[in-house]
Amino acid sequence: MRSNLLPRRTSVLVALLFLALSACKLISDYDALSYKNATDLRVETMALLEQGTEPYAGHAAEVAALRLGLAQAYEYEHRKGKLNSDSAAQWARLNDPAGALQHTFDTWKSAGKLNEAFVSEAKLKAGELFDEIIRLERAKAE
Amino acid sequence: MPKFDDILDEIKVGIAELGEKSAKDFVEEVRKDGDAFLREIGDDLQRWTELLARKKISAKEFRVLVEFNRDLAQMKALSASGLAKKKVQNLANGIVDLVTKTVLKLV
């Protein structure tokens with residue numbers, strides 16, 4: 001009786017497995033464009049912050065361009081849907097007007113120039129923020 | 001043909017081993033990250049306080065630097081959330097592979 005039942009139970013098990021596999025998608029797949037966006041914008045942010053000791057007026061257009069790039073990256077990640085919510089939230093952090101990166105640009109604008117010591121420290125920290133985005137995207141490939 | 005209960009027993013053992021290894025690796029990773037992060041906060045604050053006292057950075061810049069640490073904590077939490085999801089997904093897929101292989105081997 002048991003062996004007669006086995007094929008039927010096995011097919012039920014296989015069906016359940018396919019169901020489980022489809023239901024077990026918890027996070028979006030690795031995306032090469034997302035990885036490139038993060039690494040490119042990291043480099044651009046570092047290069048711009050390096051100019052922070054110079055008058056803001058001379059770099060206002062570059063700041064605006066970088067802010068646009070950050071907003072575009074967020075929009076791309078956000079549009080991927082719920083499975084990409086953690087990555088989208090990380091990009092939202094970088095775009096948040098109350099966040100440290102945006103405050104750095106605001107401070108540069110209001111003060112005219114940034115102190116050299118601040119630029120060094122801000123570069124380290126901003127780099128770490130991007131590293132977290134890159135780390136998560138890379139982990140999706142594992 | 002083996003009994004279905006035998007198949008389930010072998011799968012259970014495999015899943016237990018798979019889960020044990022994944023959980024152990026993850027807990028160890030989180031512990032290391034947590035320790036390192038706590039050390040970073042302390043070092044940063046000390047260094048920034050000294051820079052502020054020596055007027056190498058402004059009060060506003062000091063605040064922004066502290067905000068960087070706040071943002072970084074949030075970014076790390078989001079990374080950890082994503083990594084945990086990925087690990088669970090990999091574990092689930094590992095279970096699917098294990099069950100399939102076990103059934104195909106024994107049936």
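**Reading a helical core and interface**

Me: In this predicted model, which residues of the largest nonpolar core touch the most other members?

Reply: The largest nonpolar core holds 31 residues, and those that touch the most other members are A:Trp91, A:Phe118, A:Ala122, A:Ala126, A:Leu129 and B:Phe68. The elements that give two or more residues to this core are, in chain A, helix H2 (32-50), helix H3 (60-78), helix H4 (85-95), helix H5 (100-111) and H6, and, in chain B, helix H1 (4-53) and H2. The largest share, nine residues, comes from H6(A).

Me: With which residues is A:Ala126 in contact, leaving aside its neighbours within four places in sequence?

Reply: Once those neighbours are set aside, A:Ala126 is in contact with A:Thr45, A:Leu49 and A:Leu101.

Me: How should I read the packing of H6(A) against H2(B), and at what angle do these helices pack?

Reply: Two packed helices are described by the angle between their axes together with the distance between the axes. Here helix H6 (residues 116-139) of chain A and helix H2 (residues 59-106) of chain B pack at an angle of about 10°, with their axes 9 Å apart. Because angles under 35 degrees count as roughly parallel, H6(A) is roughly parallel to H2(B).

Me: Which residues of the two helices meet, and what classes do they fall into?

Reply: On the side of H6(A), the residues that meet H2(B) include A:Phe118, A:Ala122, A:Leu129 and A:Leu136, as well as the charged A:Glu121, A:Lys125, A:Glu128 and A:Arg135. Among their counterparts in H2(B) are B:Leu65, B:Phe68, B:Leu72, B:Met75 and B:Leu83, along with B:Glu61, B:Asp71 and B:Lys86. By class, this helix contact has 10 nonpolar, two polar and nine charged residues.

Me: How many residues does each chain bring to the contact as a whole, and which element of chain A gives the most?

Reply: The contact takes 39 residues from chain A and 35 residues from chain B. On the side of chain A that touches chain B, helix H1 (2-23), H4, H5 and H6 are the elements that give two or more residues, and H6(A) gives the most, with 11 residues. That side of chain A has 18 nonpolar, nine polar and 12 charged residues.

Me: What does the secondary structure of chain A come to, and how much of the chain counts as buried?

Reply: Chain A comes to six helices and zero strands, and of its 142 residues 29% count as buried. Among its contacts between residues at least 6 apart in sequence, 75% join residues at least 24 apart.

Note on methods
Residues numbered from 1 in each chain as written. Chains lettered and ligands numbered in written order. Predicted model: local features only at pLDDT ≥ 70, side-chain atom pairs only at ≥ 80, totals over all residues. Axes fitted to C-alpha atoms, helices over the stretch in contact; angles between N-to-C directions. Helix = DSSP H or I, 4+ residues; strand = E, 2+ residues; numbered from the N terminus. Parallel < 35°, antiparallel > 145°, perpendicular 65-115°, else oblique. Contact = placed C-beta atoms within 7 Å. Core = buried A, V, L, I, M, F, W, Y, C linked by C-beta atoms within 7 Å. Buried ≥ 20, exposed ≤ 12 C-beta atoms within 10 Å, placed from the backbone.
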